[in-house]
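Have the structure open as you read.

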Amino acid sequence: MKELIISNLSKTYSSGVQALKNIDLTIRTGMFGLLGPNGAGKSTLMRTIATLQDPDSGSITYNGMDIIKEKHELRKVLGLLPQEFDFYPRITAWEMMMHFAALKGIRSARDRKEAVEQFLKIVNLYSDKSRKIGGFSGGMKQRLGIAQALLGNPEIIIVDEPTAGLDPKERHHFHNILSEIGQEKIVILSTHIVDDVSELCSSMAIINKGEVKMTSNPLGAIEHIKGKIWRKLIEKNTIDQYRELNIISNRLFTGKLMIHIISETDPGNDFSPVDPNLEDVYFSTIPHNEVI
Ligand code: ADP
């Protein structure tokens with residue numbers, strides 16, 4: 001079993017923002033979801049794991065190897081889909097992939113062609129290989145991003161905020177590809193979208209303000225709050241009456257407010273029990289007003 005172990009990792013930017021505070025995480029083969037609101041520190045952590053920036057303190061080991069010291073060892077086994085994956089719009093998907101295949105060190109032209117063909121097929125872009133990237137939809141660009149991340153058969157794939165801006169169909173397609181890949185690799189998916197994690201990840205961490213707030217698997221985390229989440233549909237202007245309750249979320253529903261609260265016991269007052277989902281876990285872990 002491959003293992004990425006992050007211990008006591010901290011990072012403060014020169015601006016004074018402490019983006020990571022003593023992060024401890026163990027990530028194994030399969031899909032790992034790193035869930036947190038904007039500014040939580042996800043990208044900083046992703047960039048540090050990808051060896052693109054150094055922490056101030058702490059360590060990251062991969063199968064016992066110190067990857068902060070031995071960056072090249074990690075880079076050999078890493079595929080990265082960065083947050084902003086864009087490329088020269090005037091070149092074709094095939095040309096871009098051939099270029100990346102060369103960068104990844106696939107030496108023979110025949111091997112390059114074979115790999116490019118294989119991965120374009122996996123992400124379902126082979127029939128679009130001669131089209132210019134500039135004409136691709138957001139979802140096609142993300143799939144192309146995954147195809148380039150797969151070149152060189154990496155053992156670890158890092159995907160930073162991949163589904164922001166994708167329409168539901170594209171997102172579904174992208175999820176299917178990721179879950180295929182996640183069977184035998186470590187795939188780390190950083191996202192602020194709860195559904196991305198609940199649909200894909202067998203283990204997860206929630207981070208906020210540079211700290212790990214919980215690590216679990218989605219089912220275990222949901223099980224943990226079972227029987228404790230209650231909801232009520234209220235008039236918007238009456239929310240002040242509920243302030244003393246532990247409100248974890250509120251959202252508009254048919255012009256009114258649907259509030260969810262967490263309570264060990266039945267709060268009465270016309271609240272009904274909720275079969276919780278991962279969103280309830282997320283909101284009960286992170287104060288609602290901090291989730292953007
Ligand atoms: P996320 O990916 O979860 O949105 P980031 O890792 O991008 O979080 O940011 C964490 C915090 O660090 C934020 O407060 C952000 O403004 C700050 N930050 C990120 N990158 C830099 C940087 N290069 N210089 C200074 N502050 C940064």
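Helices here are DSSP runs of H or I with at least four residues, numbered from the N terminus. Axes are lines fitted to C-alpha atoms over the stretch in contact, with angles from 0 to 180 degrees between N-to-C directions. This is a predicted model, where local features need pLDDT of at least 70, side-chain atom pairs count only at pLDDT 80 or more, and totals for chains, interfaces and linings use all residues. Residues are numbered from 1 along each chain as its sequence is written, and side-chain values use heavy atoms, leaving out hydrogens and water.

Take H8 (residues 218-225) and H9 (residues 278-285): their axes come within 9 Å and cross at roughly 70°. That makes H8 roughly perpendicular to H9 (65 to 115 degrees counts as such). In H8, Pro218, Ala221, Ile222 and Ile225 touch Leu278, Asp280, Val281 and Ser284 of H9, contact being heavy atoms within 4.5 Å.

Now for H3 (residues 93-103) and H4 (residues 109-122), whose axes come within 9 Å and cross at roughly 125°.

Over at the ligand, 13 residues are around it, and Gly39, Gly41, Lys42, Ser43 and Thr44 come nearest (near means a heavy atom within 4 Å).

| Residue (backbone atom) | Distance to a ligand oxygen |
|---|---|
| Glycine 39 | 2.7 Å |
| Glycine 41 | 3.0 Å |
| Lysine 42 | 2.9 Å |

Methods. Helices (H or I, at least four residues) and strands (E, at least two) are DSSP runs, numbered from the N terminus. A polar contact is a pair of N or O atoms within 3.5 Å; within protein, one must be able to donate a hydrogen and the other to accept it, and residues adjacent in sequence count only if both atoms are side-chain atoms. Angles under 35 degrees count as roughly parallel, over 145 as roughly antiparallel, 65 to 115 as roughly perpendicular and the rest as oblique.
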